[in-house]
Amino acid sequence: MKFLENIVNKMEPKFSKGGKLEKWNPVYESFITLAFTPKHTTKLGSHIRDGVDLKRTMITVILAMVPALLFGIYNTGHWEMVAASGDLNLPFWADQGEKIMKGLAIVLPLIVVSYAVGLTIEFIFALRRGHPLHEGYLVSGILIPLIMPADVPLWMVGVATAFAVIIGKEIFGGTGMNILNIALTARAFLFFAYPTSMSGDKVWMAGEEANVDGFSGATPLGDLASFMTPDAVLQGTPIEAGTNAMEQFTASHSVMDYFWGIMPGSVGETSTFAILIGAAILLFTGVGSFRIIASFFAGGFLMGLILNGIGGPYLDLPSAYHLVLGGFAFGAVFMATDPVTAAQTGVGKLIYGLLGGMVAITIRVLNPAYAEGVMLSILFMNVMAPIIDHYVIQANIKRRLKRVKAA
Amino acid sequence: MSKTVKLRKGLNIRLVGGASKVKTDANVPKTISFRPDDFHGMIPKVLVQEGEQVKIGDIIFQDKYSDTIKYASPVNGTLKSIVRGAKRKIMEIIISCDQDQAPVEASAIDLASLSNEEVKTKMLAAGLWPFVRQRPLDVVADPSNAPKAIFISAFDSSPLGPDFDFVLKEKGKEFQMGLDAISKLTEGTVHLTVNGTVTENTIFSEAKGVQVNSITGKHPAGNVGTQIHHIDPINKGEFVWTINAQDVALIGHYFLTGQYCAKKTIALTGSEVKNPQYIETISGANVSEILNGQIASDNVRVISGNVLTGTKIDKDGHLGFYHNQITIIPEGDQLKFFLTKGWLGPGFDKFSNSRLFPTFLLGKKEFTLDTNLNGEERAFVVTGELEKVFPFDILPMQLVKAAITNDIDGMENLGIYEVAPEDFALCEYVCTSKIDIQDKIRQGLDLIAEECM
């Protein structure tokens, strides 16, 4: 690595203060610090520092998303072939090569667009502010494709990314300063700006338009939402009036079927199994908060039980199904745990997760216009997190004041 | 009434280079110095001219704004120079030492016959007062305040910290005498807090006239701030004084003999020291002779104090007033290729409190850590990591944020009166965003001192 080091040493004066390329220093720094941990030494306070830095933390999150990404690529390829053939019962584990290629053809452009647009904007802001690129977007950039429907037009991804990075993050001051989760801001933008491309039956499988008549690619959540309407549908087939739709739904697929994730949906969200591998990585390394993940799942499960108690066509869905359907697991593991937008106090995290899970299921079930409640729920809890923290902090302050009175 | 405290939070940073229990006497140093910066916020008024002769115990300077607090020369010698920095601020007062270091004749002081006020006056006049520090603010105590308690920690849990049991082994009499004198400074209790896991030395556990508490746990169990918080926490408007264990013995020595003495035993530690050991020297001594032939490599950082809270000094710099330790570690001013030694490397050479590095697999391995920041400064992103090493019922991140934003109400509410920068040293160590937390806390304390005290 000596020769790389020599290059760096040669370039350094050009980019440092007074050098010819001084104003490009943030860009230079951004790349150099990827290749080398810089030679900055401690100036104030503690003379030694922990090895951990934001780069390593962020790369770990990306690593944790890889299982979901890989499964997502294959699953996307699978459902594209399903759509093309019109055969819902196409075996999942067959034609692997073709499925992977098809999946890659859909998912890779999403990732490329997300990173290209996001990083360009980040670099512009970094240059204006004169600081090197902060690592936050490395994670957001892969989260965004993972929560997009496979069939979303690329230009929409670009527009949504730009909106999320500029309005969601940079106007607040950049990484660490944002109030809302970046990736979810992107998705929410598309959801409200281009609703037809983000919900309904037509978007979850690539190549839908070219499809045979009468074929529906609705997600299980779309089916479930339809139970609340007079036209209940299950996997494209109308359910006969007078029969129990929920019984037919649970009979057709068990919780475990959905747990593995062979269903249409956003690229990365379908396989709870792959997501839990990621969760294991996040929890083991301590990057993800156990309190948030556990309480988010607990909140969702609890709300499912409460709704069961009330009863109704959709409300009857066994609670366990809620946890493996749609974006619930993905949201709990990768979205709700974003440390910047989540609650920051220990107790606050528990409340935040619990409420997040409950609100997600409430929106999902009671408002069928939004088949997916997780996104709205987490964004809502992002806004609420500072209030939750406020009360936790007040409790700490009160404890201290009580001590004075006791003495 | 003694209390037993068990801590679950904290972190012992395992470093190479602990001092072996051998004590050598250093020669009389060439020079000794006072750094006014060691006494935070103090502006000295020097009472001796450059070139003037001084004897052990002579007053060299006093606090300009609180002139009863005086600082005594620990040596016979000549005031060599007063080093000034920007705006003529006094950076260092250097005294060159004579070969003859015989103390001035004096006789023992009968402590029992002295009133509380007289003990205080004696200590002030003899230049012993700077050993007494106060919380809040972590500065030299204001003698006009009445402290509700005085805390002494009987051990140092910081990385490679000296073993006070060993250091004070033969100073039992002085130490007890010091405790007797100190207990006359307060109407409240004098707390001596011992390490709950070690019970070797009886001068601590059988100390009389004080409340002996015990605390077990990882660093910062030995920090006096942690002990105060768990035993008798400070509320707004209250004062607690603290004294280093070794300085207690120096105070005792004064009352036993009537002579000022600033001889102390320091630990010479760190991975770049050839023979880590204990050395008897004088407070403020020039370290060049101590370090002669001891430094194992070229590119090193010499720290007066421990790696978490110490001060960087030159190879011929001087020991800090409150420091009981010199640590030498390698400088980390090299580029580190990301896959081998950098941010994405396997990281067996890094000591981390997170599981992002394999530190947790390596059992009791001791590490050689350098001064590299291991990253760049960022905004706060990761949450929950500071709490793991901060054994206070205080929200560290929120308090640091209040300090950064100059939020006085916030700092008061969140507990700024209870903490000193050193309590945040581990938070600073583990911080992913590489924020200089101790400095932020110090700035917050300065603001509090200005606005609220």
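User: Strands count as paired here if DSSP finds at least two bridges between them, and with that in mind, how many bridges join strand 1 of chain B to strand 14 of chain B?
Analyst: This is a predicted model, and in it three bridges join strand 1 of chain B to strand 14 (residues 211-216) of chain B, with the two strands running parallel. Within that pairing, Val5(B) has Ile215(B) of strand 14 of chain B as its bridge partner.

User: Which sheet is that part of, and what is its strand order?
Analyst: The two strands belong to an open sheet of seven strands in chain B, ordered 1-14-13-12-15-10-11, whose pairing is mixed. Strand 1 (4-6) and strand 11 (139-140) of chain B are the edge strands, each pairing on one side only.

User: Which strands does helix 5 of chain B lie across?
Analyst: Helix 5 (residues 224-231) of chain B lies across strands 1, 10, 12, 13, 14 and 15 of chain B, and it runs at about 130° to strand 12 of chain B.

User: Switching to the interface, how many residues does each chain put into the contact?
Analyst: Chain B contributes 62 residues and chain A contributes 51 residues. On the side of chain B that touches chain A, helix 10 of chain B gives the most, with four residues. By class, that side of chain B has 26 nonpolar, 22 polar and 14 charged residues.

User: Which strands are bridged between the two chains?
Analyst: Strand 1 (residues 36-37) of chain A and strand 21 of chain B are joined by two bridges and run antiparallel, with Thr37(A) standing opposite Lys336(B) of strand 21 of chain B.

User: Over to the helices of chain A: at what angle do helix 3 and helix 12 of chain A cross?
Analyst: The axes of helix 3 (residues 54-85) and helix 12 (residues 272-285) of chain A cross at roughly 170° and come within 7 Å. An angle over 145 degrees counts as roughly antiparallel, so helix 3 of chain A is roughly antiparallel to helix 12 of chain A. The residues in this contact include Leu63(A) and Phe71(A) from helix 3 of chain A, and Ile277(A) and Leu282(A) from helix 12 of chain A. By class, the contact has 12 nonpolar, three polar and no charged residues.

User: What about helix 3 against helix 4 of chain A, at what angle do they cross?
Analyst: Helix 3 of chain A and helix 4 (residues 96-129) of chain A have axes that come within 7 Å and cross at roughly 105°, which means that helix 3 of chain A is roughly perpendicular to helix 4 of chain A. Here the contact has seven nonpolar, five polar and three charged residues, among them Tyr74(A) and Glu80(A) of helix 3 of chain A and Lys99(A) of helix 4 of chain A.

Notes
Residues numbered from 1 in each chain as written. Chains lettered and ligands numbered in written order. Predicted model: local features only at pLDDT ≥ 70, side-chain atom pairs only at ≥ 80, totals over all residues. Contact = placed C-beta atoms within 7 Å. Nonpolar A, V, L, I, M, F, W, Y, C, P; charged D, E, K, R; others polar. Pairing = 2+ DSSP bridges. Axes fitted to C-alpha atoms, helices over the stretch in contact; angles between N-to-C directions. Parallel < 35°, antiparallel > 145°, perpendicular 65-115°, else oblique.
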